Each structure stands twice: as structure tokens, then as C-alpha cells.
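Me: I would like to learn how to read a few side-chain features in a model. Where do we begin?
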Amino acid sequence: MADSTISLPDNGVLELAQLLAPHSRILLLTGAGISTASGIPDYRDSEGVRRGRAPIQGPEFRNSQFIRKRYWARAMVGWRLLAKAEPNDGHLAIAALETSVKHTVIVTQNVDGLHSLAGSSHVIELHGNIHRVACLDCGALHERHLIQSQLEQHNPGLANATALPAPDGDAHLEPEALADFVLPHCPACTGTLQPDVVFFGDGVPRARTEQAEQAVSDADAILVVGSSLMVHSGYRLCKLAAEAGKPIAAINIGKTRADPLLSLKVEQRSEQALPLLATLLRDLRNR
């Protein structure tokens with residue numbers, strides 16, 4: 001493995017294809033940067049510094065009705081924007097990659113569901129999926145669009161509100177009055193609902209962590225796409241791969257926490273680099 005990162009913004013995709021071509025089991029670890037071309041903003045700038053306000057923490061969501069009202073009021077607006085998002089060329093290229101590299105597995109830190117919508121079949125959603133809602137009382141799972149209908153029915157004052165979207169289905173919106181906001185309830189038991197995602201301050205479920213760790217163990221090479229890896233759950237997977245001596249590469253604009261572990265970094269937008277990578281890999285593997 002190289003001692004320092006090679007950054008080849010012009011010819012890096014060919015170099016990347018040559019690095020990955022000998023490997024039959026590739027794990028793609030994707031982050032918010034792959035979804036920006038679908039209209040979903042990312043969390044951090046090119047230096048890995050988080051943009052905007054501090055996120056809601058899981059414990060405070062569960063312990064405070066006020067925090068739950070604030071979250072669901074913003075999410076009622078933000079999810080409408082997220083629900084319209086469609087896979088971009090990067091997502092579609094990864095789905096195509098699965099046809100030429102049969103043992104491709106995707107571990108995504110995103111909660112937008114766009115990999116599956118693009119046609120990818122081996123997807124581990126490390127942080128959950130914003131299009132599902134879980135009941136904290138009975139454990140039932142519900143489709144988010146059904147809960148959206150409930151929210152809009154009981155809170156018509158926000159039904160036509162608009163705001164800039166956030167990456168997790170939230171929105172940059174601070175409702176002036178929450179006293180009359182009606183929280184959604186579980187259709188099965190009327191219990192407390194939470195989006196089926198891993199909030200900041202919460203841990204990834206153990207079974208999902210083990211599934212991701214096994215995917216790293218099974219892989220021959222790791223490709224990070226659109227992630228600064230500042231969140232530990234993604235970074236630790238790269239550490240595991242590095243400890244096992246597996247090559248790690250990245251397509252990412254700007255700094256990543258794993259830069260010292262990388263054999264190669266291509267600083268291009270993922271929706272531009274990935275289609276070319278899929279084509280080059282197919283051609284190299286068919287020779």
C-alpha cells in the first residue's frame with residue numbers, strides 16, 4: 001500500500017480502474033456526496049467541517065416532546081423534497097458495476113434509498129432509511145408516505161411550507177409556534193414514532209454493524225465514494241480494511257479522515273467519475 005495518497009484529478013479514473021480490475025470482490029462505501037447531484041445537500045464542506053446547525057440527537061428526540069415536535073415539523077417539509085429525489089448517474093453507474101463485478105457490495109451511510117431505487121441489489125444501509133418509520137412502543141414499521149399523510153392532515157398550516165432540504169429528510173426550517181403541532185402516532189398502537197434511521201448520539205444496531213464488518217472481511221478492495229468519513233461508523237470500516245492489508249481508494253472532492261490509508265484518491269464529482277469507472281472496469285475485465 002502506498003505511504004501517501006496519489007491525487008490524479010485528470011487521469012485518476014483510469015488509474016482507479018487499473019487498481020480495482022484485478023479484484024473480484026469490491027466493497028463500495030458511499031456517503032452524502034454521491035447524492036448531491038440528485039438535489040440532496042451533503043453534510044460537510046471540502047475540509048470535512050459540518051455545515052449548518054447541530055443535528056438533533058437521538059436521546060433528546062426520545063426524551064423531549066418539544067424536540068419531537070420540532071423534528072417532525074421540519075421533517076414534514078423536508079421529506080416532501082427528499083421523496084422527489086431520483087438516482088443520478090453515479091447511483092446508476094454503481095448498479096451497472098454490479099453486472100461486471102458480480103461480488104460488489106454497497107455499504108451506504110446515506111438514508112435516502114437511492115441505491116436501491118437505481119437497481120442495486122446488495123445494499124447495506126448503515127444508518128437506516130428515511131422512507132421508513134418505526135414505532136418505539138410496538139416496533140411496527142410504517143411507510144414514510146403514510147405518516148406524511150397523517151402529518152399533513154393534522155397540521156394543515158405547514159402543508160404548503162417550503163424550505164431548503166437537509167440530507168436526512170429534515171429541512172432548514174424553524175416553525176414559529178409548536179404548541180399546536182400534532183405529532184404523528186403509530187397506526188398500529190398509537191405509540192411514539194421515530195424515523196427508521198440512526199440519529200446522531202445513537203449507535204448503529206449491532207446486527208447491521210456485523211453485516212458491514214463481514215462485507216469488509218469478504219471484500220478484496222474498498223472504494224469510498226462521496227464521503228469525508230468523519231463519522232466513525234464509516235471510518236472504522238476503512239480502518240478494518242487497512243489492518244487487513246486491503247487496498248482502499250476514494251472518489252471524493254476534498255479531505256477524508258482516511259486519507260493516510262488510501263492508495264489512490266480521485267478528486268472528481270462521483271456522477272462524472274463513476275460512469276467512466278464502470279465502463280473502464282468492464283473493458284479491462286473483458287480483455
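Reply: Begin with accessibility: a residue counts as buried under 20% relative accessible area, as exposed over 50%, and as partly exposed in between. The model shown here is predicted.

Me: Is Glu152 buried, exposed or partly exposed?
Reply: Glu152 has a relative accessible area of 27%, so by those cut-offs Glu152 is partly exposed.

Me: Which residue forms a salt bridge with Glu152?
Reply: The partner is Arg80, and the closest N and O atoms are 3.5 Å apart. That falls within the 4 Å cut-off for a salt bridge. Glu152 belongs to helix α6 (residues 144-154) and Arg80 to helix α3 (residues 65-83), so this pair ties together parts 72 residues apart in sequence.

Me: How many salt bridges are found in the whole structure?
Reply: The search finds ten. Another one is between Glu271 and Arg269, with the closest N and O atoms 2.5 Å apart. Here Glu271 is buried at 15% relative accessible area, whereas Arg269, at 36%, is partly exposed.

Me: Which residues are linked in a network of salt bridges?
Reply: The network links Arg206, Glu210, Glu213 and Arg236. Within it, the side chains of Glu213 and Arg206 meet at 3.7 Å, N to O.

Me: What describes a pair of aromatic rings?
Reply: Two values are used: the distance of the centres and the angle of the planes. In this model the count is four aromatic pairs. Phe61 and Tyr71 form an edge-to-face pair, with 5.6 Å from centre to centre and 85 degrees between the planes. Phe61 sits in helix α2 (residues 58-63) and Tyr71 in helix α3, ten residues apart, and the pair links distant parts of the chain.

Me: Are Phe61 and Tyr71 buried or exposed?
Reply: Both are buried. Ring pairs also link Phe61 and Tyr71 with Trp72 and Phe199 into a cluster.

Me: Which residues is Val216 in contact with, leaving aside neighbours within four places in sequence?
Reply: Val216 is in contact with Leu27, Leu237, Leu240, Ala241 and Lys246. Distance in sequence and distance in space are read separately. Val216 and Val107 are 109 residues apart in sequence, and their C-alpha atoms are 9.3 Å apart in space.

Key
Residues are numbered from 1 along each chain as its sequence is written. This is a predicted model: local features need pLDDT of at least 70, side-chain atom pairs count only at pLDDT 80 or more; totals for chains, interfaces and linings use all residues. Side-chain values use heavy atoms; hydrogens and water are left out. Helices (H or I, at least four residues) and strands (E, at least two) are DSSP runs, numbered from the N terminus. Buried means under 20% relative accessible area, exposed over 50%, partly exposed in between (1.4 Å probe, protein chains only). Rings of Phe, Tyr and Trp (its six-membered ring) pair if their centres lie within 6.5 Å; planes under 30 degrees apart count as stacked, over 60 as edge-to-face and the rest as tilted. Contact means heavy atoms within 4.5 Å.
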